[in-house]
Amino acid sequence: NDIVTIVFQELGSLPFSPSMIRSNFQHIFIVVQLLTPFSKSEKPQYGISVSRGMGIPYFGPEIPSGGTFLHGSGFREFLLTKAINGENAAKKSAKFADMAKRTRKEYLLDLAKSYSTNQSLESAFGLYGIFSRAVKRKDKNRPRLTLETAVKGAITWHVQVEGSDFSSSNPQSISCVLGISVDSIVLVDESTKQTIFSIPSKTVIGWILKERSLKLYYNVGEFVTVRWPRDA
């Protein structure tokens, strides 16, 4: 079951009535009826009519006078737009708003029932608890030293990048040094010794590694592609 139902009727079919279907979800019926048969010389024609339940606001696009369409992409676009707009209109009605409210309430109740606990933080983290330990050791509050934060420098590779990724006026490949450290990822042009790309390591959101290339995604979906030379 879905909110919008498209009913297709063959040539000469009996009229369709939404009352024949009993459902708590189907509130809009778009009836498409074949009016003329298929032939090699002429495109078939379709008639279209729409039925919507009580409380569902009007939605477009408006059916043209006569309600007939020729077979083609124009009719397809009209039908899809009508169905999408119908579902959006139904979700704005008072009935669907109440249903959505009840559904969210049930989800929250299930979440609280299944995943809540009566255990206190103190009992979960020992006799004193994490907050008590923080107060007692306030004078010794130091960041934990790990190996990766203590090591300076970067791991480097000789790579090639497309100049067009950084400048539309430079379509040639650029030989670079790729450096990856705890804090940053940089590309340095080997010929000019200039940094042409630099981002904080924490902005990396993913990567795709192939046999001789790496596509690195960062920020909100931006990416840079580097390739290893054949002799690397």
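User: Leaving aside its neighbours within four places in sequence, with which residues is Leu 178 in contact?

Analyst: This is a predicted model, in which local features need pLDDT of at least 70 and side-chain atom pairs count only at pLDDT 80 or more, while totals for chains, interfaces and linings use all residues. Residues are numbered from 1 along each chain as its sequence is written, and side-chain values use heavy atoms, with hydrogens and water left out. Contact means heavy atoms within 4.5 Å. With neighbours within four places in sequence set aside, Leu 178 touches Ile 155, Thr 156, Trp 157, Val 159, Ile 185, Val 186, Leu 187 and Val 226.

User: In which strand is Leu 178 found, and is Leu 178 buried or exposed?

Analyst: Strands (E, at least two residues) are DSSP runs numbered from the N terminus, as are helices (H or I, at least four). Leu 178 belongs to strand β6, residues 173–180. Buried means under 20% relative accessible area, exposed over 50%, and partly exposed in between, with a 1.4 Å probe and protein chains only. Leu 178 has a relative accessible area of 5% and is therefore buried.

User: How many helices and strands are in the chain, and what share of its residues count as buried?

Analyst: The chain contains five helices and 11 strands. Of its 232 residues, 24% count as buried.

User: Which residues line the largest cavity?

Analyst: On a 1 Å grid over the protein atoms alone, a cavity is a set of points where a 1.4 Å probe fits but cannot get out, and lining residues have an atom within 4 Å of a point. Grid points are joined across faces, edges and corners, and a volume is the space filled by probe spheres set on the points. A search of the whole structure finds one cavity of 30 Å³ or more, and the volume of the largest is about 50 Å³. Its lining consists of Leu 178, Ile 185, Leu 187, Phe 197, Leu 214, Leu 216, Val 224 and Val 226. Strands β7 (184–189), β10 and β11 (222–227) each give two or more residues to this lining.

User: How far apart in space are Leu 178 and Phe 197?

Analyst: These two residues are 19 apart in sequence and 9.4 Å apart in space, C-alpha to C-alpha.

User: Why does Ser 213 count as buried?

Analyst: Ser 213 counts as buried because its relative accessibility is 16%. Ser 213 lies in strand β10, residues 213–218. Beyond its neighbours within four places in sequence, Ser 213 contacts Ile 208, Val 226, Arg 227 and Trp 228.

Definitions and conventions. On a 1 Å grid over the protein atoms alone, a cavity is a set of points where a 1.4 Å probe fits but cannot get out, and a pocket is an open set with protein on both sides within 12 Å along at least five of seven lines; lining residues have an atom within 4 Å of a point.
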